[in-house]
Amino acid sequence: MAKALLSFLGTNKYIKCNYRYHDTVIYGVHYVQEAIAKIFCNEWSQGDSIIIFVTKEAEEENWEIGKDPENGEIEGLKSVLKKFADNKKIEVRHVPIPGGQNDSEIWGIFDAVINSVEKGSEIIVDVTHAFRAIPMLAVVMINYLHMVKNVTFNGLYYGAVESLGKIEDIKKMPVSERTAPIIDLSSFIYLLQFSNAVNNFMQYGDAEEIHTFTLNAVTPVLRETSGQHDISRRIRRVADDLRKMTQNFAYCRGKDIIKFNYARLYSEIKELKESFGQDQQLLPLKPLQPLLDNILKKIEIFKDYGKEENAVKGILAAQWCLEHNLIQQSITILQESIITLICMRHNLKYSKKDDRELIASAFYKVIDQKNPKTKKDGRKEKSEEGKIQALLVDQMIHSLGKTYHKLSQLRNDINHANFREDEKEPEDIYNEIIEIHKKVMDEVNRTLRLRS
């Protein structure tokens, strides 16, 4: 995967100083791009590139030849970068951009940056000498590149030379004392990405983006600790469980749904949220707290259900699917969860096909119809009849008989893709399934109250 450093060249006279990033210091450089390249691009090779965006004025002032406020004429950024890049076979190129004086020129900058980045590449962005609206624009461009070109973001940096004071003050310092920090602004991009991932989860019930976010270790804590920090392990575990939960719903994994430990997931998210405010090193993660609150609210209906197998989990999962427009999954999970619930009430094996068909036959018996899945074997039918009669003493089977039949009709309508004589309109299916869900939940709650 190709890597690229994107940076902007200004028109100022650049004074010689040092740049520090964590424990690494690059001494005696005029251009922050040289320091950033030596820190972040040192292991790069052929196929990777350093791309400098220059206005006409910046090209004239600092690309071929630069100016130092202390010593006058110095090497331009072009030759400085080539000294670093040539033996590594890293490409160095400059891309002309307009000055950004109006809307049209700002869009010109946007196009120049977007068109310079290859699909599927990894990028680092330096905004130290970006002018006017470019720093804000960089945030938008990073997100846009990720969406349209599948670009991976690896860092956003700013060399804060102004932290040393005014140029006149810096001139008075020995070069050895002119050490400016390189500030990592990546957290704000990660916050935007995580916000988008959480929004996707809230709107569509899909945790895939949250899982991908943590898998790629795109937060300072995860990246710096390479997954060894306790917090990073917990974040990964939460992301894995969220993904597993939503995959179970999307793929109608009924047995997994009723076995899943929702209470543990809820508790882990809550503890994770609280831990962000307790450790000074985790301050970049603190803005994630409200986003985790949103996730907690979303899964709150499951928080009382631990590792014990419980068919009610399936009924709640069906409700979740309906809320996230997973209509086919909602119908399938709800109908199968009703059968599982009856199995558990009568100590039958919910994973055994014959037992599930027996309960389906009991439901059809309630409405005076024959189970279409029952085999035409007279002896088998006769032996099962007694078992069915024993089930019919359960009032829940009677109260949900018509409901079960309606679910079968809706399920067939969708599974046959509208190629039936009695097909329904989408809004009719939606309204009917809402009504069915309410009836099932009311009956489940009534039965649970009677048993308690």
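1. Gly165 is partly exposed, at 29% relative accessibility; buried means under 20% relative accessible area, exposed over 50%, and partly exposed in between, with a 1.4 Å probe and protein chains only. Gly165 lies in the loop between strand E9 (152-159) and helix H6 (167-171). Helices (H or I, at least four residues) and strands (E, at least two) are DSSP runs, numbered from the N terminus. From Gly165 to Gln328 the separation is 163 residues in sequence and 64 Å in space, C-alpha to C-alpha.

2. On the source: this is a predicted model, in which local features need pLDDT of at least 70 and side-chain atom pairs count only at pLDDT 80 or more, while totals for chains, interfaces and linings use all residues. Residues are numbered from 1 along each chain as its sequence is written, and side-chain values use heavy atoms, with hydrogens and water left out.

3. Helix H15 (residues 327-345) and helix H18 (residues 395-415) have axes that come within 10 Å and cross at roughly 150 degrees. H15 is therefore roughly antiparallel to H18; angles over 145 degrees count as roughly antiparallel, under 35 as roughly parallel, 65 to 115 as roughly perpendicular and the rest as oblique. Axes are lines fitted to C-alpha atoms, for helices over the stretch in contact, and angles run from 0 to 180 degrees between N-to-C directions. The crossing of H15 and H18 is left-handed, that is, the near helix is turned anticlockwise from the far one by less than a right angle.

4. The contact between H15 and H18 includes Ile327, Gln328, Ile331 and Arg345 of H15, and Met396, Tyr404, Arg411 and Asn415 of H18; contact means heavy atoms within 4.5 Å. By class, the residues of this contact are 14 nonpolar, five polar and three charged. Here Ala, Val, Leu, Ile, Met, Phe, Trp, Tyr, Cys and Pro count as nonpolar, Asp, Glu, Lys and Arg as charged, and the others, Gly among them, as polar.

5. H15 also packs against helix H16 (residues 353-366), at an angle of about 100 degrees and with the axes 10 Å apart. The two helices, H15 and H16, are therefore roughly perpendicular to each other. On the H15 side the contact involves Glu336, Ile338, Ile339, Thr340, Ile342 and Cys343, and on the H16 side Asp355, Arg356, Ile359 and Phe363. This contact of H15 with H16 has six nonpolar, one polar and three charged residues.

6. The largest nonpolar core has 103 residues, of which Leu242 and Met245 touch the most other members. A nonpolar core is a set of buried Ala, Val, Leu, Ile, Met, Phe, Trp, Tyr and Cys residues joined through side-chain atoms within 4.5 Å. H15 supplies the largest share of this core, nine residues. Leaving aside residues up to four places away in sequence, Leu242 touches Phe201, Ala207, Ile210, Leu265, Ile269 and Ile295. A second, separate core of 37 residues includes Tyr14, Ile15, Tyr21 and Ala35.

7. Buried residues in helix H5 (residues 134-149) include Ile134, Leu137, Met141 and Leu145. Among the elements covering the buried residues of H5 are strand E1 (3-9), helix H4 (103-116) and helix H7 (186-204). Asn150, which follows H5, has a positive phi, near 55 degrees.

8. Asn325, in the loop between helix H14 (312-323) and H15, has a positive phi of about 65 degrees although it is not a glycine. Asn325 is exposed, with a relative accessible area of 58%. Asn418, in the loop between H18 and helix H19 (426-451), has a positive phi near 80 degrees and is partly exposed at 44% relative accessibility.
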